[in-house]
Amino acid sequence: MIPLIIIVVIIVIAALWLAGAYNGLVRLRNQLENAWAQIDVQLKRRHDLIPNLVETVKGYAKHERETLEKVIQARNMAVSAKGVGERAEAENILTGALKSLFAVAEAYPDLKANQNFLRLQEELTSTENKVAFSRQFYNDSVLAYNTRIEVFPTNIVAGFFSFSRREFFEVAVEAERAAPKVAF
Amino acid sequence: MWEQIAANRRRSTVLISVMVVILAVIGYTGGELIVPGAGPLGLGVAFIIWAVMMAMYLFGAEKLLLGGALFHELTREDSPRLFNIVEEMKLAAGLPYLPKLYLIHESAPNAFAIGRKPEDYAIAVTSGLLHRLNRDELQGVIAHEVGHLKNQDVKFMTLAAVLLGSIVILSDVVRRSLWYGGRGRRRSDSRGGGQAQVVILVVGLLFAILGPIMAQLLYLACSRKREFLADASAAQYTRYPEGLASALEKIALAGRGLSFVTKATAPMFIVNPLAAASEDSFSLLSTHPPTAERIRILRQMAGASLADYETAYRQMKQGALIGGRSLATAAPQSIRAPTDEGPIESRHAADDIAYRQHGYLRLRCECGLDIKVPERYEQKEIHCIRCGSALPIPSVLEGRAPSPPTPEPTGPLAYTRATKGWESFRCACGRTIQLSPAFAAPQVRCHHCRRLIEVS
């Protein structure tokens, strides 16, 4: 009788652990997919803001046609880009084009005083930050998920239910590469 | 980061269990001390006290804190940049909802977070915080508060605080009844008790006297650990520990007097608003670690990850903060470059938001002076204090003869907008109505008398 009880207890504990490990993996995977969707939302928002910005700048800086065209071109490329790698590159080009547009705007005091322009500038800067922070969270999620899949004993569960590794979303942002080591 | 919460949860489970044990022991032995054999009854009384305290807290305290006249919920129109910063940190932490934002009209910079469920999460900032800190610093403070929310600190500390309160009350009851009534009866009844009775007597006395102190010290130690953890989370979310470090410096230097803070609410703030700067040293009795120590740890970080915070923490103090498992999965993270953005609101703009929320009417005189009129002011016009010209108080036009301020909806009301910016006017009931630049609807409803007003 007693051995039977011990066996039953062991089976129940094993089943509980299995359920916990499986649910943990699913939770991590959902979180990761949600994080990926967040990046998408922010990128789309950036694409939506740019036509407004170009319209506003056009009224003040007529001589900057070339810069404006570059922004529009980069934006259209980013909208139609497919695949993680291509998209990351298109978004990088767009970031660069926007930066030069804001640099050009410095020369037009009237434009810089325009409420609409200031609002768009703040929105675009913040959207860029939001892309970076969503990406940061996505990569943190991928790391936690990949680690969980690889370590013993959850790797057995992951292998059985075929949870597969995910790729990081790497974007070589200039500011990050140039970030100085602050020492005090 | 999930592991960090897990480590946190383990520590909290230990804290809560120890406190429950203390409560139970005081209840049981206290019952035995007062009336031998009444141990189980004492135990029951202990848990009833706990349940009553918990119910009181759940239904009272939070509403008292946020529902009062002091705090007003902000909308995106009030401060788009503040909302952007909060949204950025929400994304960095992976919170499911955007926390609500509240503004406190105080020039001392400070902030706190509240809410036990993700739907109820809220962050309150003072108007001083908005104009004294630059964007990086404000981001650090918001990240610290988001860190508290993400680590579920409010939930655990509430539970711990309620338990602590129950222990204090119960031990007080036990001590008092022993002092005034218990003695005689105990002496006569305990003749046949023997050794077990003596043990219970000693343990009971010890717990009745030392229990509350032990529970209090445990609670405070846990509160300080959680401040460090929220700092570590902030560094990780922002990838810029210096932002929070210099914000803490400014908050500590700017003076802490917040008029509405009590001992009960002080532990919630980013820097304890009650502790004077001179008392800012380590003590077993403080709710927050010394600010100078927090700043030094943040500035010693070589990167922005949790592991970097742990290394810096160990250089300052003994013992681990975060624990092994979460550090194993922490990727190296470099510190980002600072931005050069100044404060997100000017001093005037920050005050304006607060005045708007307190129902002040804003008028611009022809001489360029902005005049703020409190809701109590009942005259139809006001004189500019600079040029002396009379300004009419903007108010609704009534279709019928003016009716006395009644809560029942009567007659059509209309208001014509003069500008496209922030605008305010009086409703027929005497309350102020604010229109934001984004307001585009044809009608607005007065929050007080519920009447609809045509806006053109």
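1. R239(B) forms a salt bridge with D140(A), and their closest N and O atoms lie 3.8 Å apart, where the term requires a side-chain nitrogen of Lys or Arg within 4 Å of a carboxyl oxygen of Asp or Glu. Between chain B and chain A the count is four salt bridges.

2. This is a predicted model, in which local features need pLDDT of at least 70 and side-chain atom pairs count only at pLDDT 80 or more, whereas totals for chains, interfaces and linings use all residues. Residues are numbered from 1 along each chain as its sequence is written, and side-chain values use heavy atoms, with hydrogens and water left out.

3. In chain B, 33 residues are in contact with 24 residues of chain A (heavy atoms within 4.5 Å). The two chains bury about 2,300 Å² between them, 55% of it on carbon and sulfur atoms, buried area being the accessible area (1.4 Å probe) that two parts lose on being put together, summed over both.

4. The axes of helix 7 and helix 9 (residues 291–300) of chain B come within 11 Å and cross at roughly 35°, with axes fitted to C-alpha atoms over the stretch in contact and angles running from 0 to 180 degrees between N-to-C directions. Helix 7 of chain B contributes E227(B), F228(B), D231(B) and A235(B) to this contact, while helix 9 of chain B contributes E293(B), R294(B), I297(B) and L298(B). Helices here are DSSP runs (H or I, at least four residues), numbered from the N terminus.

Note on methods. Chains lettered and ligands numbered in written order. Helix = DSSP H or I, 4+ residues; strand = E, 2+ residues; numbered from the N terminus.
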